[in-house]
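Q: Can we walk through this one together? I'd like the ground rules before the details.

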Amino acid sequence: MSTGNGGTIELLYMQLYAPTTLAPGRDFWLLRYTSLLEDGSLVVCERSLNNTQNGPAMPAVQHFVRADMMPSGYLIRPCEGGGSIIHIVDHIILEPWSVPEVLRPLYESSMLLAQRTTMAALRHLRQISQEVSQPSVSGWGRRPAALRALSQRLSKGFNEAVNGFTDDGWSLLESDGIDDVTLLVNSSPSKMMGANLGYNGGGFASVTSSVLCAKASMLLQNVPPAILLRFLREHRSEWADSSIDAYSAAAIKAGPCNLPGVRAGGFGGQVILPLAHTIEHEEFMEVIKLENMGYYRDDMTIPGDVFLLQLCSGVDENAVGTSAELIFAPIDASFSDDAPILPSGFRIIPLDSTSDAASPNRTLDLASALEVGTAGSKAGGENSSHSGSTKSVMTIAFQFAFEVHLQDNIATMARQYVRSIIASVQRVSLALSPSRFGSQNAFHLPPGTPEAQTLARWISSSYRFYLGVELLKSEGNEPILKSLWHHTDAVLCCSLKALPVFTFANQAGLDMLETTLVALQDITLEKIFDDNGKKTLCSEFPQIMQQGFMCIQGGICLSSMGRPVSYERAVAWKVLNEEETAHCICFMFINWSFV
């Protein structure tokens, strides 16, 4: 309705996506008042409509928790030169009592509200103003506005998958007795049209009639979201199954596709093709080219490349308490505007950041990031690696288009796939987790595999003890694990078993063995040596255990793919733990190269 002074009053109903699968979404009934002031400023005020203003009692909506918005809104003031200045106030009460206790910081933190809502709005406005003033063509011949529309389709599709609203056509499938992975199916026409699954870019008749979503959330300890997300982005083969990537790509091309088989070993190469689309250096979009993956069509595999459109945010580890997202969807190589998009991905949100109490000027610190890029967030969070979050929640959601008669098979495949991803993430998180222990005197590890930071310290100190020189030349305060990880020589640890297997390797070691951190533990020590190397190892191994180290002459070893690798020389030494007992054997191959 209109007001006497030319303003407008509106009644709004708003739904807010839940960030995880562990709590329902929020909804609001709002009154909005919009008015133009005498000085040319525009003011928009919003607040929840409830009985305290003698308003009607709005009925509750199933699967939502009613939240309250306190007086909030926008003041937009004109400024010289034709620009404007905007002030934003967000003040909402998300009813934290209704969520599990571990998640309550997500619903109580002013800083998270500022990052996810207030600053997101400011960045969005800044980007639109840049598009208007500089409407240039960017990545893959697309204008910035077109790329922004694609990024919004990715975000919206992922949020819909995470939430699975019944109003959008999602229905819950029966559990297999283990509630770690939730399955939902959507056969509504609106879902098909929204993902544009009737798109016919490949010349095949459309047979896809439904979408299945497998989703889960997991708690992570002591691994920064930015580091874990960056690892997932750069090392896709650590967690992804190439056959399922190929199946997903074939399904959205609307061609007849069969169920993927068991992983056959090995992945196609990954090529990252950046798009010229960044939002204040915090969010970027790119195309991932997975080479020689193979499509499943007509009971045969056709070799080819798979393309993924990928949206990434939160990879700056210096930003304080920032959530991180990696959202992707297979696309047709033509990259047309009407191509189907069915997003899947990861979201990692810190749970117990201490930053709210650390600085009364936190919002000012966040605002400064708009002007100085990552430097602003770094200024506010330079100590984040020491005092930031130690717990975070990861939400995983994967969507699969399928023919309706394959629902049971796809459900089984999706459930197993997400469980395998969860297992991979847990192993990678353990490897990436820095040590959170304090002084050496208070440092006691439980039996079993140590954290990576601790293992790096043991490797370095044992090398110094037995060989009398430093293994790592750390610069400044660079962590030992980081120095070891980037060491130019291949460093590998193996277990002290009758048949030793590898348990850890730095980046050079993984490159030399042509393997990944997850697959490393399936490789035995004897497998990488030729016959001469095996003889030398058998005869000299007792010397390592008695003397503590051994120098090995140059020779040839083998990668996990059977490729010969030459090395100038090698050193093996016993790695001692805090109790000075042998934990493992470490090998370093110096100046190695493929023959």
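A: Start with a term: a polar contact is a pair of N or O atoms within 3.5 Å; within protein, one must be able to donate a hydrogen and the other to accept it, and residues adjacent in sequence count only if both atoms are side-chain atoms. With that in hand, the side chains of His87 and Arg77 make a polar contact at 3.2 Å.

Q: What kind of model is this, and how are residues numbered?
A: This is a predicted model, where local features need pLDDT of at least 70, side-chain atom pairs count only at pLDDT 80 or more, and totals for chains, interfaces and linings use all residues. Residues are numbered from 1 along each chain as its sequence is written, and side-chain values use heavy atoms, with hydrogens and water left out.

Q: How many helices and strands are in the protein?
A: The protein has 16 helices and 25 strands. Both are DSSP runs numbered from the N terminus: helices are H or I with at least four residues, strands are E with at least two.

Q: What share of the residues counts as buried?
A: 48% of the 595 residues. Buried means under 20% relative accessible area, exposed over 50%, and partly exposed in between (1.4 Å probe, protein chains only).

Q: And what share of contacts is between residues 24 or more positions apart?
A: 62% of the contacts with a separation of 6 or more. Contact means heavy atoms within 4.5 Å.

Q: Back to His87. Where is His87 found?
A: In strand β7, residues 84–89. His87 counts as partly exposed because its relative accessibility is 37%. Beyond four places in sequence, His87 is in contact with Gly73, Tyr74, Leu75 and Arg77.

Q: Now Glu46. Buried or exposed?
A: Glu46 is buried, because its relative accessibility is 10%. Glu46 is in strand β3, residues 42–48.

Q: Which side chain makes a polar contact with Glu46?
A: That of Arg32, at 2.8 Å. Leaving out residues up to four places away, Glu46 also touches others, including Leu30, Leu31, Met69, Met70, Pro71 and Ser72.

Q: Switching to helices. How do α2 and α3 cross?
A: At roughly 150 degrees, with the axes coming within 9 Å. That makes α2 roughly antiparallel to α3. α2 covers residues 110–133 and α3 covers 144–163.

Q: How are the axes and angle classes set?
A: Axes are lines fitted to C-alpha atoms, for helices over the stretch in contact, and angles run from 0 to 180 degrees between N-to-C directions. Under 35 degrees is roughly parallel, over 145 roughly antiparallel, 65 to 115 roughly perpendicular, and the rest oblique.

Q: Which residues meet there?
A: His124, Gln127, Ile128 and Glu131 of α2 meet Pro144, Ala145, Arg148 and Gln152 of α3. By class, that contact has 3 nonpolar, 3 polar and 2 charged residues. Here Ala, Val, Leu, Ile, Met, Phe, Trp, Tyr, Cys and Pro are nonpolar, Asp, Glu, Lys and Arg are charged, and the others, Gly among them, are polar.

Q: What about α12: how far does the helix reach?
A: α12 spans residues 452–467, and its 16 residues reach 22 Å from first C-alpha to last, close to the expected 22 Å. The expected span is 1.5 Å times one less than the number of residues. Buried residues in α12 include Leu455, Trp458, Ile459 and Tyr463. Gly468 follows α12 with a positive phi, near 75 degrees.

Q: Which residues have a positive phi without being glycine?
A: His63 is one of them, at about 70 degrees, and Asn591 is another, at about 50 degrees. His63 is in the loop between β3 and β4. Asn591 is in the loop between β24 and β25.

Q: Last one: where is Arg563?
A: In the loop between β22 and β23. Arg563 counts as partly exposed because its relative accessibility is 39%. A polar contact of 2.8 Å joins its side chain to that of Glu514. Leaving aside neighbours within four places, Arg563 is also in contact with Cys557, Leu558 and Phe594.
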